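Let's take a friendly walk through some side-chain pairs and a helix packing. Please have the sequence and the 3D view open as you read.

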Amino acid sequence: MTTKNMITAAAMAALAATQATAQQPPLLLWYDTPARHFEEALPIGNGKMGALIYGGTDSNTIFLNDITLWTGKPVDRNEDAGASRWIPEIRKALFNEDYRAADSLQLNVQGHNSEYYQPLGTLTITDNNSGPATEYRRELCLDSALCKDSYTRNATTFSREYFASHPDRLIAVRLRASKPGAINCSVSLSSLVPHTVKAFGGGQLTMTGHALGDPNNSIHFCTILRATAKGGTTHATDSTITISGATEATVYIVNATSFNGFDKHPVSQGAPYLENVADDAWHTVNLTYDEMKRRHVADFSSLFGRFRLTLAGATADDSRTTEQQLKDYTAKNESNPYLETLYAQYGRYLLISCSRTPGVPANLQGLWANKLRSPWRGNYTVNINLEENYWPAEVANLPEMAMPLEGFISALAANGRHTARNYYGVERGWCSSHNSDIWAMTNPVGEKREKPEWANWNMGGAWLVNALYEHFRFGRDTTYLCQTAYPLMKGAAEFCLGWLTDNPLKPGELITAPSTSPENEYVTEKGYHGMTCYGGTADLAIIRELLANTAEAARTIGTDAAFADSLDAAVARLHPYAIGKRGNLQEWYYDWSDYDPHHRHQSHLIGLFPGGHITDPALLQACAKTLELKGDKTTGWSTGWRINLWARLRNGEKAYQTYRKLLNYVRPGAGSRQGGGTYPNLFDAHPPFQIDGNFGGTAGVCELLVQSHGGAIELLPALPAAWSEGRVEGIRARGGFEISMEWAGGRVARATIKSEKGGHATVAFNGQSHDVSLGAGESIVLE
């Protein structure tokens with residue numbers, strides 16, 4: 001029998017906290033050896049600074065990063081002015097079915113490539129004691145964002161603790177020995193980028209430098225390392241501090257860069273980074289290590305602790321390392337609900353750790369990089385990867401982590417107005433392309449020599465702004481919608497209206513021309529293997545989603561009625577979806593074959609997920625057929641996307657099978673090129689490492705548990721049999737609702753629905769629907 005009980009928000013929060021503490025095991029990654037490879041090191045981050053901790057008994061390497069350290073300077077907004085003159089020529093070639101000429105002409109509508117994300121520095125801690133080391137252990141606690149390692153040497157236990165504090169803007173390391181005076185070590189600082197290190201006093205190193213390139217046109221930085229010793233001494237020379245005879249020692253690292261915004265020259269208009277870093281360094285004198293640790297844990301846990309997931313049988317395993325569990329999960333196909341939970345929560349941990357800098361979102365590697373030239377420049381790839389980074393932000397209860405993306409989109413809009421005019425001849429609105437960087441570049445890339453399949457794509461802005469609308473849908477903040485989201489959505493929609501063109505083959509229809517489907521290639525019925533086309537499904541899916549959302553947003557805030565009507569009219573004229581001869585959703589205007597039938601991109605399915613406008617049963621069936629034809633072998637981020645697609649299709653078993661593939665063990669090291677999966681430190685293996693797969697996996701778990709659209713909330717819409725019993729707390733639904741629920745036998749046993757701002761929803765589970773109307777802060781229990 002169903003019962004509904006109204007309870008206060010405070011009582012519900014207390015109950016949820018008590019139950020969660022009792023049921024959720026500690027979330028811990030642990031290893032019995034130091035890391036040898038990047039993909040084994042443990043990441044910490046405060047949203048701006050980050051570190052990868054390798055650990056070790058003799059020498060411990062720690063790579064340092066700052067998310068604002070990039071090559072380059074602000075973009076030239078007049079770049080390639082007049083390139084739009086080639087658009088009519090490309091369209092003419094396309095409509096004459098001269099696809100080869102269209103591919104060639106597209107090179108004329110390409111600009112410069114993105115800048116590079118840069119590594120900051122390398123911190124090395126060397127143990128100067130001699131003798132063999134035993135009992136090594138290295139771990140990362142997700143609940144507190146504390147990393148630790150320890151070992152025994154000469155009957156003395158040496159331990160180190162690491163954290164990256166957002167409140168105090170620093171990275172801290174504490175070294176301890178179980179015997180007095182046993183710490184004898186060297187702490188050194190260096191960098192791969194041009195730099196100079198100087199010693200000050202007995203316990204400080206100051207490193208200054210700049211990103212690769214002309215120092216007069218580069219971002220500069222200053223890193224200060226301070227070391228103190230209890231019961232011993234510190235002595236600084238050159239780039240090294242020697243700590244001798246200490247029982248305990250602390251190391252603090254602070255950093256500042258001259259980056260002062262996407263449109264400010266990093267030298268002539270740069271931030272006062274020397275003054276800023278000096279202030280942060282002085283701050284480390286005013287608080288003790290324990291005080292800063294408490295502030296860090298309180299800050300981090302206030303975010304991370306909002307969402308808890310417990311699957312039946314999930315028990316922390318202290319007999320097998322995380323890497324061994326991952327290996328056994330893959331090779332033995334064993335059940336491990338703890339590892340599955342750990343991976344889901346790890347995505348949330350990473351998002352908190354790398355996405356707290358205004359206007360600078362998580363890049364392809366979050367913020368962790370150890371190379372001068374990171375894979376794919378460590379940039380923002382906007383034809384799926386940047387979007388996927390933020391899929392879990394709203395549903396997994398971390399909406400603040402999406403705010404850097406909001407600022408970045410505003411920067412893209414400012415530059416993108418010039419790109420729209422220069423490259424496409426569109427005078428209203430703004431656009432963004434395949435790649436971007438900290439300077440918010442929006443031009444099509446490729447430098448007039450690279451493949452149009454990825455270089456010539458202008459739907460980045462149109463896709464990205466839907467993240468802003470999702471932020472509104474989940475939070476229902478109409479002030480945010482009116483002042484922030486809607487103006488950016490409107491600008492992207494205006495570009496799309498100006499870019500759409502009449503279809504000469506079907507009068508009255510609107511299509512895009514030229515068009516590409518991100519990174520995919522077709523084969524025509526005449527055998528031409530090409531990239532450039534017209535009326536590509538991916539373009540039209542993105543535009544359909546954007547125009548409908550923008551019209552809905554306009555009506556929500558009561559503005560631009562005529563504009564909203566024009567958007568509706570344009571949607572009605574868009575070339576419709578088509579089902580191909582194999583029962584699949586067509587990716588191309590014609591029923592052409594894919595050059596690579598198992599291609600990792602599934603961009604034409606955007607209307608299924610992350611969009612929500614594909615609801616017709618025939619089209620849903622065609623989406624499922626598309627995924628079947630693509631097969632199951634793909635890269636990490638694509639696997640993460642497919643989990644969400646299968647979940648949206650209500651196929652929990654296929655989604656779970658795909659989730660298991662995402663957790664497929666991948667051997668670390670640069671020589672490993674096996675298919676996508678997960679590295680020993682749980683980083684996503686594209687390969688190489690791309691963080692988007694981690695975030696896609698976390699979002700996929702949430703999509704299995706709760707789906708919400710148009711005032712309807714469905715609980716356990718795609719629950720796999722392997723997760724037939726469990727509990728989740730703090731998962732969010734559109735409409736401003738937060739949900740906690742328990743289930744057993746695949747059926748909801750108890751659900752608590754809380755409204756953040758007050759509202760109405762239809763909640764469906766166990767074959768029944770419940771109409772729920774709540775005031776702000778009110779909760780209701782459904783059983």
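## Salt bridges and a helix pair

Asp328 and Lys332 join their side chains in a salt bridge, with N to O at 3.9 Å; the term stands for a side-chain nitrogen of Lys or Arg within 4 Å of a carboxyl oxygen of Asp or Glu. This is a predicted model, in which local features need pLDDT of at least 70 and side-chain atom pairs count only at pLDDT 80 or more, while totals for chains, interfaces and linings use all residues. Residues are numbered from 1 along each chain as its sequence is written, and side-chain values use heavy atoms, leaving out hydrogens and water.

Side chains of opposite charge can pair when their charged atoms come close. The count here comes to 47 salt bridges by this rule. Here are three of them, with N to O distances.

| Pair | Closest N and O atoms |
|---|---|
| Arg449 and Glu447 | 2.8 Å |
| Asp502 and Arg573 | 2.9 Å |

How accessible are these partners? For relative accessible area, buried means under 20%, exposed over 50%, and partly exposed in between (1.4 Å probe, protein chains only). Asp328 is buried at 8%, whereas Lys332 is exposed at 59%. Arg449 is exposed at 56%, and Glu447 is partly exposed at 33%. Asp502 is partly exposed at 49%, and Arg573 is partly exposed at 34%.

Asp502 forms its salt bridge with Arg573. Asp502 sits in strand S21 (residues 501-502) and Arg573 in helix H15 (residues 561-573), so this pair ties together parts 71 residues apart in sequence. Helices (H or I, at least four residues) and strands (E, at least two) are DSSP runs, numbered from the N terminus. There is also a salt-bridge network that links Lys148, Glu161, Arg174, Asp290 and Lys293.

Now to the helix pair. Helix H18 (residues 652-662) packs with helix H19 (residues 692-705) at an angle of about 155°, and their axes are 11 Å apart. H18 and H19 are therefore roughly antiparallel, a label for angles over 145 degrees. Which residues meet? Gly652, Ala655, Tyr659 and Leu662 in H18 are in contact with Gly693, Gly697, Val701 and Leu704 in H19, where contact means heavy atoms within 4.5 Å.

Gln690 is buried, at 4% relative accessibility. Leaving aside residues up to four places away in sequence, Gln690 touches Leu364, Trp376, Asn385, Trp637 and Asp684.

How values were computed
Axes fitted to C-alpha atoms, helices over the stretch in contact; angles between N-to-C directions. Parallel < 35°, antiparallel > 145°, perpendicular 65-115°, else oblique.
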